[in-house]
Amino acid sequence: PLAQLVQPWLDQLSEQIGQSTSVSILDETEIVYLARAAQRRVMSIGLMPGSRLPAHCTSLGRVLLAALPEAEARARVERADLSPRTPFSLTAPDEIMARIAEARSRGHALIDQEVELGLRSIAVPILGSSGRVVAALNTGVAAVQNAATDLEALYLPALLKVQDGLRRVLH
């Protein structure tokens, strides 16, 4: 199973970058955590395999929604509960779709305190044997950097290295 395959990669990545890492899949309007390697607890909610969060306001979810055809991604966003979770949460489907389009073009998604105050995260897709996105990989960190975009320089190279390793393993 995917969870067992990705766990050693998550453990190694988490140790290397000193942050928690996770892999999740998309289930309708939510993400479901498959595997996790926790460092210090950044989120107030304890996440573990099986935990669910809204897809539209998480980096994992935006990467997974970006893999869908645009009309299907929009339908899921419009079906979702878009109640704000923080003052930074996006609640307009058009704004959320713009961020999903950005994730699609950049190959990764960045979230700045939209799911929980003090939490930033960056995610990349995990590609299966057919080249299709089968899951997403992220790291979530305390919002201590000057800007959310600092996560790209700090963590994106390590995430992309694991993404590449998993692509080979899943082929």
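Analyst: Happy to; we'll go through some helices, their packing and a couple of residues.

User: Great. What kind of model is it?
Analyst: This is a predicted model, where local features need pLDDT of at least 70, side-chain atom pairs count only at pLDDT 80 or more, and totals for chains, interfaces and linings use all residues. Residues are numbered from 1 along each chain as its sequence is written, and side-chain values use heavy atoms, with hydrogens and water left out.

User: Let's start with H2. Which of its residues are buried?
Analyst: Ser59, Leu60, Gly61, Arg62, Val63, Leu64, Leu65 and Ala66 are buried in H2. Buried means under 20% relative accessible area, with exposed over 50% and partly exposed in between, using a 1.4 Å probe and protein chains only. Eight of the eight residues of H2 are buried, so the helix is largely enclosed by the rest of the structure. Helices here are DSSP runs of H or I with at least four residues, strands are E runs of at least two, and both are numbered from the N terminus.

User: At what angle do H2 and H4 pack?
Analyst: The angle is about 75°, and their axes are 8 Å apart. Axes are lines fitted to C-alpha atoms, for helices over the stretch in contact, and angles run from 0 to 180 degrees between N-to-C directions. H2 and H4 are therefore roughly perpendicular to each other. By the cut-offs, under 35 degrees is roughly parallel, over 145 roughly antiparallel, 65 to 115 roughly perpendicular and the rest oblique.

User: And which residues meet there, from H2 and H4?
Analyst: From H2, Arg62, Leu65 and Ala66 meet Arg99, Ile100, Ala103 and Arg104 in H4; contact means heavy atoms within 4.5 Å. That contact has four nonpolar, no polar and three charged residues. Ala, Val, Leu, Ile, Met, Phe, Trp, Tyr, Cys and Pro count as nonpolar, Asp, Glu, Lys and Arg as charged, and the others, Gly among them, as polar.

User: Back to Arg62. What is its relative accessible area?
Analyst: Arg62 comes out at 1%, which makes it buried. Leaving aside residues up to four places away in sequence, Arg62 touches a list including His56, Cys57, Leu90, Leu110 and Glu114.

User: Switching to H3, which residues are buried there?
Analyst: Ala73, Arg76 and Val77 of H3 are buried. Looking down the axis of H3, its buried residues fall within an arc of 100°, so they line one face of the helix. The arc is that of the directions from the helix axis to the C-beta atoms. Those buried residues pack against strand S1 (20-27), H2 and H4.

User: Last pair: how do H1 and H5 cross?
Analyst: Helix H1 (residues 2-17) and H5 cross at roughly 160°, with their axes coming within 11 Å. That makes H1 roughly antiparallel to H5. Residues that meet include Leu5, Val6 and Trp9 in H1 and Tyr155, Ala158 and Leu166 in H5. By class, the contact of H1 with H5 has 11 nonpolar, two polar and no charged residues.

User: Is Leu166 buried or exposed?
Analyst: Leu166 is buried, with a relative accessible area of 1%. Leu166 and Leu10 are 156 residues apart in sequence and 10 Å apart in space, C-alpha to C-alpha. Not counting residues up to four places away in sequence, Leu166 touches Val6, Trp9 and Ile126.
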